[in-house]
Amino acid sequence: MRPLAGVFMNIEDLTFAMEDRLDAFSSSGDPALLQEPEAQQLADRLYYAVDWLSFLSEGAQSARAFNVAMLLATFHWHRYQHSEAREDAKRSAFLYRVVSQVAPQHVPEVLLDLYVEAGYRVGSLSSTELAVYTQRGINRLKEAETKGDPQLLDDAVEWCLLAARANPRKDVLWAESLITLGNALTRRYEFTGNSNSLDRAHVAIVKAAEAIPEDDPCRLKLQSAFGHTAIRIFQRTGDLEMLDLAIRALREAAYKAPAYEPHRGAFLTNLSTALSHQYHHIGRLESANEALEARTEAVRITPRDHPDLPSRMINLASALESHPGDLPSEDDRHDTAVTLLRDALSLTPEGHPERAGCLSLLSGTLRARFTRTGDPRDLTDSVKNGRLAIEGVAASHYQRPDLLSDFARSLTAYADHFSAPDALTEAVEALQEADTLLPEEHPDRSQNLTALGLALRKRFTSHGDTADRDRAAEALRKASAVPSAPARVRARAAAAAGDLSADAQDFVSATESFALALEQLELTAWRGLEREDRERLIAQFPDLVTRASASAVRAGQPKRAVELLEQGRGILIAQVLETRTDHRALLAQVPELADRLSQVLDELDRLPDRPAGTNTFGVQDRRRVNEQRAALARQREELLAEIRALPGLARFLRAPSFDTLRAAAARGPIVLLSASRYGSSALLLTEAGVRVVPLAVDDGQLAERVTDFTHAIGPEESPLKARMTVVETLSWLWETVAEPVLAALQYTGPIGPGEHRPHLWWCPTGLFTSLPVHAAGRHLPPGGGATVLDRAISSYTPTLRALLHAREHHLHPTGPLGGGLIVSMPSTPGCADLPAAGQEARALRQRHMDSAFLTGPAATAPAVLDALTRCSWAHFACHGAQDLAQPSRGSLILHDGPLMLRDIVKLRLPHAEFAFLSACETSRGGIVLADEAISFATTLQLAGFRDVIGTLWSIDDTLAPEVAGLLYENLSDRTSRDPAVALHAALRAVRARRPLAVMNWAAYVHVGS
């Protein structure tokens, strides 16, 4: 127990301390807890803090006297029973007399008999009287919410405690007094920041749940109160399970409440708050959408004269201003929010508890509108309102750190726009004050420290004071280390720290920070989210992995560079591979854990994802699935923690080490291409190790090349200009990338007929994923031999883990070989005809008469998905399409519509060996999420096909049968059953026949082992 000497404690603090001591005694039975000098000192201070004559009054002091009497009587009675001290007997007898007048059930029977014999008043309160006391608590709570006076909350707490303790029955009336007590204590936490109040609020509300039947109307109030308190606990601790419980309870309150329920608006408001926190912490977009709907409905049903209307308008404005998705009136969301907030301000006079939050949100909304419109008046008003918000709250108010942080953002924007260094200094001071007010482990501390670090970096950039740079680095490192903060917030902080170090040429420190950022990025793409959410979150860190790799190279750590490239790329691929791996080492060591993990991963894999832009299942189903997914993801985390604590399994399902990754180069070198503002290089991975080949290209130049090339292969460019751009790009790629790489590998000249052709795997990252490195070379005039095609066989791999998995899958097949599948769509509803697709398919059918053949109306998505589960090889001749902004929308166009990439991603194909996607853009990833390598070809490989041939852009329908025919002819030669070798030979043959048709053959690529 904490010593009390010299510590100022008001009566509430003293009461909490006594409750803690009695709880400890009740749990342990140790009388020393009551006999310690500090215990006696506490009891004396509490006893003399009360005017015992006030018990005879009608005010809140009488309730406080009763509540203190209950505690002290219990304390002294237990002391007396263990020590028989006369002073304890006298004091407990006096105090129990007070208690006996309203709650005789708490008085020891021996004392109660004495009081009755002496003629003292002994009696219980009626249900009506108990309800009156609870109502007094409700009235004080409402008055406090209007006036912002914490003393009124103290009174509310005392009345509710009296009503609960004096009630001899654990009935609904008792539960209602506890619910109101919980609400008052939660508000007291909000007003004062006293975490003891919040903890006791939670205990009170949980106790109340014991007495309320499932079908009782009071249950709605219970769920709302629990949700409100659980939200505050989450805000303080970052406990996501507590937030989930809050959402579940608040949904029950909000959605089961009848339309006439007077508290329905409050239920919706609390629910929206919980959902907003869930979105901001884990990034589930559906939560933000539901929060906006709930807040809109709460405002709609609230009368103009309702005291809660201002807070509900503020909440709605917040949802509009911060919503991450598209809204029906996207252009005026900030205007609408500003109007709402100014209306709310007109309803909240000075001193109103909602006024400071409203001013702060108005400040942030004006700042956001300035970013869109550039009107400097908004920025000036933003600073003014932010300052008023700070001035309107006490130093101990729980919202003050948030208000300071938001004010600092407005000051920083003001300093940038108006070149006002004093404003930047004031921003730094505000953020420093906010940090001192937040507990060390508070989840909001990370975001605040990040803002502080960025503000200090701005000041360093402006004035050159290295002390600011050092303080910025320290703030960002601290921000990245707050364990309760959202992973993506920590990732941003660590990435900013990495950039700060790299800009200072400290690449060792930069590498450490970027490594932490990548670790947090993996956690950001949490398995408890739908794939669409995970993609959106990963896309917020577009070039993090290349900056990390470049820093490691500059730090002289090439092996670490390889590890970081693998860790930060293909995060979704790594998640898919978790369920495709048999985990032999784990199975051999702890089969029971292996079985449990497999079950959890399989269940996660089976849960449906809602495709982007669709509504394939109802709201309730979607929420149920999201809850299941989150619960399974947490089970996965718990199992992994248990597994990693075992000997030899510390790295289980973590990013692989360099020694593990090096095995991917067993069949030939792997070339990892990376470009960032900190340097560009090719990392040549071989069984012997890794070699760095610097590349004479910067990220800006690369971006321009990718832009030009992407436009050239698009549908709007003229054929002549497109061909010129492609040929020029291939020549540039040869000079800056391919030739230096091949020279380092000693592939210095064209390979003659009959000579061994070396095989290498390209693993491009970032913008390099958009360029056909395998086709690099000087193609005009033809025949010079200065091309990749003349010097090596090229394959691609999305990640090193994917390549290792494909080879492992081949070594350990999961079933007998199946037959073939041919899918052909020479005529597709809504698309141009592909007459050569029919020719291509018929020719292949002649080779393999026993294959399944789906064409025309028979080629539907369900039929194809079913056939894939039984085939060992598959050939598609149809239309294909890719969405560069949302690559998971990539598709093959069948008779009944698109077969989506998302339809393939969950497949596990036990017989699969080889697939040929003779369709447009089937091996093309996105510009967005480039490092996730999301393409149809990669997805089929993950589903089980060891080798896949696809295309990087649109292909010529008339040439496709020729490429396919040559490839299958090469594969039929038993001396060359390798699809990569067969494709290489086919493309060389097509080039020889059509030397100027570079765009036609260069689109084809091999992905796989």
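**Reading contacts and salt bridges**

Tutor: Start with Q223. Leaving aside residues up to four places away in sequence, Q223 touches A249, L250, E252 and A253. Keep in mind that this model is predicted.

Student: Where does Q223 sit, and is Q223 buried or exposed?

Tutor: Q223 belongs to helix α11, residues 218-237. Buried means under 20% relative accessible area. Q223 has 9%, so Q223 is buried.

Student: How should I read salt bridges? How many are there by this rule?

Tutor: Side chains of opposite charge can pair when their charged atoms come close. The count here comes to 73 salt bridges. Take E426 and R387, whose side chains meet at 2.5 Å, N to O. The pair links distant parts of the chain: E426 is in helix α20 (residues 421-437), R387 in helix α18 (residues 376-391), 39 residues apart. E426 is partly exposed at 24% relative accessibility, and R387 is partly exposed at 33%.

Student: What does the salt bridge of R445 and D435 tie together?

Tutor: Their side chains meet at 2.7 Å, N to O. R445 lies in helix α21 (residues 444-463) and D435 in helix α20, so the pair ties together parts ten residues apart in sequence. Both R445 and D435 are buried.

Student: Which residue forms a salt bridge with R705?

Tutor: E728, with the closest N and O atoms 2.4 Å apart. R705 is in helix α33 (residues 699-712) and E728 in helix α34 (residues 719-744), 23 residues apart. R705 is buried at 19% relative accessible area, whereas E728 is partly exposed at 39%.

Student: Which residues do salt bridges with shared partners join into one network?

Tutor: R248, R251, E290, R623 and E627.

Technical notes:
Residues are numbered from 1 along each chain as its sequence is written. This is a predicted model: local features need pLDDT of at least 70, side-chain atom pairs count only at pLDDT 80 or more; totals for chains, interfaces and linings use all residues. Side-chain values use heavy atoms; hydrogens and water are left out. Helices (H or I, at least four residues) and strands (E, at least two) are DSSP runs, numbered from the N terminus. Buried means under 20% relative accessible area, exposed over 50%, partly exposed in between (1.4 Å probe, protein chains only). Contact means heavy atoms within 4.5 Å. A salt bridge is a side-chain nitrogen of Lys or Arg within 4 Å of a carboxyl oxygen of Asp or Glu.
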